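Keep the viewer open and follow the residues as they come up.

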Amino acid sequence: MKKNLMCLTAVFTLSVAVPSFASEPPPESSTASICPMTKVTENTLKMKPKPNSSFPVGGIKAPKVSCHDNKEKFKAGYHFKLFVSPDRKQRIDYLHKPEEIQAACQNACIEQSKNCKETFAKGDKAKVAMCNAQLHDCMAAHNESHSAVFKKISDTHCTKYGEP
């Protein structure tokens with residue numbers, strides 16, 4: 001697992017655009033993902049095939065990252081979970097560390113991109129390019145330059161089982 005995380009980190013450092021995003025995690029009462037919201041960059045907006053196209057691309061949102069729903073995993077230190085379909089071959093359990101939360105959010109970006117390509121793009125080159133541009137924006141919003149945001153999330157979320 002450590003080897004996979006190191007490989008993912010190498011991929012993430014290639015992001016160059018840094019869009020703005022919400023610097024605060026969602027309110028504790030929210031059932032939304034704890035990951036900061038991605039703001040789509042101007043370059044991505046220019047790719048819209050029709051004026052009424054919207055983002056997220058194809059209406060496909062990134063999967064939720066939130067407090068773990070398995071008490072045993074939580075006790076073992078895995079306080080965060082990426083909520084993806086069980087058929088996905090994706091890491092879902094994350095330790096209570098800022099860099100782990102960041103990895104969970106980055107993996108949510110990757111899953112969103114996979115879903116976008118499979119259900120929206122379906123091989124259409126222009127739509128695949130839109131999915132890829134959205135992935136780029138999402139990864140940039142969750143790169144190392146935003147470590148203070150992930151530290152704040154770590155300090156304020158999922159500190160006790162069953163609480164946000």
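A pocket is found on a 1 Å grid over the protein atoms alone: it is an open set of points with protein on both sides within 12 Å along at least five of seven lines, whereas a cavity is a set of points where a 1.4 Å probe fits but cannot get out, and lining residues have an atom within 4 Å of a point. Grid points are joined across faces, edges and corners, and a volume is the space filled by probe spheres set on the points.

By that definition, the largest pocket holds about 470 Å³ of space. Before going further, please keep in mind that this is a predicted model, in which local features need pLDDT of at least 70 and side-chain atom pairs count only at pLDDT 80 or more, while totals for chains, interfaces and linings use all residues. Residues are numbered from 1 along each chain as its sequence is written, and side-chain values use heavy atoms, with hydrogens and water left out.

**Overall layout**

The protein has 6 helices and 3 strands, where helices (H or I, at least four residues) and strands (E, at least two) are DSSP runs numbered from the N terminus. Read from the N terminus on, the order of elements is α-α-β-α-β-β-α-α-α. Of the 164 residues, 41% are buried; buried means under 20% relative accessible area, exposed over 50%, and partly exposed in between (1.4 Å probe, protein chains only).

**Around the largest pocket**

Which residues lie nearest the centre of the largest pocket? They are Met37, Thr38, Lys61, Ala62 and Gln112, out of 22 residues that line it. Helices α4 (98-121) and α5 (125-141) each contribute at least two residues to this lining, and α4 gives the largest share, with 4 residues. By residue type, the lining divides into 13 nonpolar, 6 polar and 3 charged. Here Ala, Val, Leu, Ile, Met, Phe, Trp, Tyr, Cys and Pro count as nonpolar, Asp, Glu, Lys and Arg as charged, and the others, Gly among them, as polar.

Helix α5 has 17 residues and reaches 24 Å from its first C-alpha to its last, close to the 24 Å expected at 1.5 Å a residue; the expected span is 1.5 Å times one less than the number of residues. Buried residues of α5 include Met130, Cys131, Ala133 and Gln134. Aspartate 137 also lies in this helix and is buried, with a relative accessible area of 2%. Its C-alpha atom is 9.1 Å from that of cysteine 109, 28 residues apart along the chain.

Lysine 122 sits in the loop between α4 and α5. Is this lysine 122 buried or exposed? Lysine 122 is exposed, with a relative accessible area of 65%. It has a positive phi of about 45° although it is not a glycine. Most residues other than glycine have a negative phi.

**Salt bridges**

There are 5 salt bridges in the structure, each a side-chain nitrogen of Lys or Arg within 4 Å of a carboxyl oxygen of Asp or Glu. Among them are these:

| Pair | Closest N to O distance |
|---|---|
| Aspartate 93 and lysine 73 | 2.8 Å |
| Arginine 91 and glutamate 100 | 2.3 Å |

Aspartate 93 counts as buried at 12% relative accessibility, whereas lysine 73 is partly exposed at 33%. Arginine 91 and glutamate 100 are both buried.

Lysine 151 and aspartate 155 both belong to helix α6 (residues 147-156), 4 residues apart, about one turn of the helix. An α-helix has 3.6 residues a turn, so residues three or four places apart point the same way. Lysine 151 is partly exposed at 44% relative accessible area, and aspartate 155 is partly exposed at 48%.

**After α6**

Histidine 157 is in the segment after α6 and is buried, with a relative accessible area of 5%. Cysteine 158 is found in the segment after α6 too; cysteine 158 is buried at 0% relative accessibility, and its phi is near 60°, a positive value in a residue other than glycine.
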